[in-house]
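Good morning, and thank you for joining. I should like to talk through one structure with you, with attention to its charged pairs and to the contact between its chains.

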2 protein chains.
Amino acid sequence: MAAPSEGALRRFSLAVDAMGGDHAPDSVLDGLDLAAERHPKAQFLLVGDEARLREGLKTRPRAAKLCVIRHAPDAIPGDMKPTVALRQGRNSSMRLAIDAVAKGEAAGVVSAGNTGALMALAKIVIKTMPEIGRPALAAITPSARGDVVMLDLGANIQCDARNLVEFAIMGDAFARAVLGLPNPTIGLLNVGSEELKGDDRVRQAAEVLREGHAGINFHGFVEGHDIAAGTVDVVVTDGFTGNVALKTGEGALKLMRDLLRQVFTSSIPARAGYLLARPALERLREWMDPRRYNGAILLGLNGVVVKSHGGTDATGFAHAMDVAMDMVTHGFTQNIREGLSRLATHAPPMTGSEADPSAVTAQQD
Amino acid sequence: MAAPSEGALRRFSLAVDAMGGDHAPDSVLDGLDLAAERHPKAQFLLVGDEARLREGLKTRPRAAKLCVIRHAPDAIPGDMKPTVALRQGRNSSMRLAIDAVAKGEAAGVVSAGNTGALMALAKIVIKTMPEIGRPALAAITPSARGDVVMLDLGANIQCDARNLVEFAIMGDAFARAVLGLPNPTIGLLNVGSEELKGDDRVRQAAEVLREGHAGINFHGFVEGHDIAAGTVDVVVTDGFTGNVALKTGEGALKLMRDLLRQVFTSSIPARAGYLLARPALERLREWMDPRRYNGAILLGLNGVVVKSHGGTDATGFAHAMDVAMDMVTHGFTQNIREGLSRLATHAPPMTGSEADPSAVTAQQD
């Protein structure tokens, strides 16, 4: 299948897998209804059980105005292995939504379904950009100084220097498109910030990025605590470390939320104190609402692919839609191409990277 | 230099580098004074500038009773490279304290000085246990279900399956000695909890640990969020991932502390709310006090080596002393030997590990 021809066939901003996720299709339709308000000019291809979707749209008139339904008789279960999904999922809502991107009918796809299946199907059907060795999984995470992009989060368990440089270019393009930053700073995650720290892989990648041919604003090495501190706008690392770091940070924040809840219910004065401080605490709660950070993004394919968390609600799904819409409307793919062509012209050769068919090994759910 | 002969020469529980750390020797002496109260039968060899230490002990009678001073004319600066410290630090307080362990005069050493120098000197002078491929750096971190041991935290940037199995055995022995757990649960950090996740390295290590020859209570794979959740008592990983994960978790907790401070000073009602909830919030603050978790422990040498954070105060230094005393008095080294000998008898051969002279690459400060 060829890369989508720009413009020719494209009718839809996004194809939406209506049957993926724990509460599908209701949470998806509610999310679409919220997203429709924010993107009134978008056109969505809604893929799933036609009868249920038609019924569901009746009560969501905003979404109904922007949606065209495409029937899919099947849905991929959350626990199906990617290899099985590839063989047996040809008529699934996820597959048909991905097919729409590959055919150029839609610029991107959003799904709250099976992560491993989505990644495998998207890579095989939509295909990796010719300039990219391996796609990467990215997400947005909160910090003291605003949102931070992290990648890779598990698409590639082992990475070489070349992969890390490509991740930096993709992260830069993503931060421009989705965070709206004109010149995002990029940091390479390491065990120390001095030039000699780490292994050959990170040192070699840093050397290429430092030379500036990639045209990105490279800050240098950053450490684990720099993620929450917001030292840089984009944190680049391999999929193993990134997956562990993202979940470690999320786990620490969740622990604090749980402990605060205990504190404020531990005595009558503490309850009263909570009531007094509540407006300020509410702002804190909103700020760290995991739904605001919903959406793992597979970067480096010939189209936009966003994975919403399977258990999220309408607000979370609408945020994943926002991320996908930002990428579609702000020329994300074009930004990557420009960065990579600069690199190809100027940078010295690095240890090469081969596409790794077994690379889909991590899940976000 | 031979391994210390048990008992023969040993006079001191611990040798203490009195000149290491940002506020040495005062913070060290104050810490010793606190530790002396908790360990009234201990004997400490205090190594440093004799005149200053003698003067300092005059005002700290509890510490003075348990200390013998050994003069060291030099101190290793915080920014000295490990290779330089090896050549030029022969008369430094750190080196002479380490020498005391190697000679069997003390069972362990505590220092708040230069981390890289301490690790390099300790490995070369005290030496790695013959049964161990590579020493590992461990620390204790808070979780929802009590303290959790993590290792490696940066002593080994690249690890193979054999290293990870050894780290599991050392982590088990450490949790028994220091956390007082009779049968600690051990988890191997990965990008997912299913058996097929991750790379060959973690899968092979998990297979050996699952077979049970190491005699430890292996839980299986754990993910980043399991650290703060306290899913297991000991989290095992390579030095790159462990260093990043520990600092990421610390960074997230620090961000929450900073944001809470902002919340409670943002308005007059919020201030009043803070005052009402203060007793409960104080317990939370104590619980996550970084000084309670001070001390990185180099495991796998022929003696106990504990690194206190360079910027800590007396309370933090005393906690590092507590950890070292627990290891000395609860047979930590013997526990490791037993685990490794079980493994040698039963386990199939794994990809071997060679001692790596460049392994000291990460610092904790």
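Glu166(A) and Arg162(A) lie 4 residues apart in helix H7 of chain A, residues 161–179, and so about one helical turn separates them. The two form a salt bridge, with the closest N and O atoms 3.0 Å apart. Glu166(A) is buried, at a relative accessible area of 2%, whereas Arg162(A) is partly exposed, at 23%. Please bear in mind that this is a predicted model. Over all chains, a search of the whole structure finds 42 salt bridges.

Let me turn to a pair within chain B. Arg38(B) forms a salt bridge with Asp322(B), and their closest N and O atoms are 2.8 Å apart. This pair links distant parts of the chain, with Arg38(B) in helix H1 and Asp322(B) in helix H12, residues 314–329, 284 residues apart. Arg38(B) is partly exposed, with a relative accessible area of 42%, while Asp322(B) is buried at 14%. Asp322(B) is also among the residues that His39(B) touches, together with Leu66(B) and Met325(B), leaving aside residues up to four places away in sequence. His39(B) sits in the loop between helix H1 and strand S2 of chain B and is buried, at 16%.

Next, the interface. Here 56 residues of chain A are in contact with 56 residues of chain B. The two chains bury about 4300 Å² between them, 77% of it on carbon and sulfur atoms. Val191(A), Phe240(A) and Met256(A) supply 15% of the area that chain A buries against chain B, more than any other three residues.

How many salt bridges does the rule find across this interface? There are 2. In one, Lys247(A) meets Glu223(B) at 2.4 Å, N to O. That pair runs from helix H10 of chain A to the loop between strand S8 and helix H9 of chain B. Lys247(A) counts as buried, at 4% relative accessibility, and Glu223(B) is likewise buried, at 11%. Glu223(A) forms a salt bridge with Lys247(B), again with 2.4 Å between the closest N and O atoms. On the side of chain A that touches chain B, H10(A) gives the largest share, 18 residues. By class, that side has 31 nonpolar, 17 polar and 8 charged residues.

Finally, confidence. The mean pLDDT of chain A is 88, and 92% of its residues reach 70 or more. However, pLDDT stays under 50 over residues 1–8 and over residues 352–365 of chain A. Where pLDDT is low, the predicted coordinates should not be read in detail.

Conventions. Residues numbered from 1 in each chain as written. Chains lettered and ligands numbered in written order. Predicted model: local features only at pLDDT ≥ 70, side-chain atom pairs only at ≥ 80, totals over all residues. Heavy atoms only, no water. pLDDT = per-residue confidence, 0-100. Contact = heavy atoms within 4.5 Å. Buried area = accessible area lost by both parts, 1.4 Å probe. Salt bridge = Lys/Arg side-chain N within 4 Å of Asp/Glu carboxyl O. Helix = DSSP H or I, 4+ residues; strand = E, 2+ residues; numbered from the N terminus. Nonpolar A, V, L, I, M, F, W, Y, C, P; charged D, E, K, R; others polar. Buried < 20%, exposed > 50% of the residue type's maximum accessible area, 1.4 Å probe, protein only.
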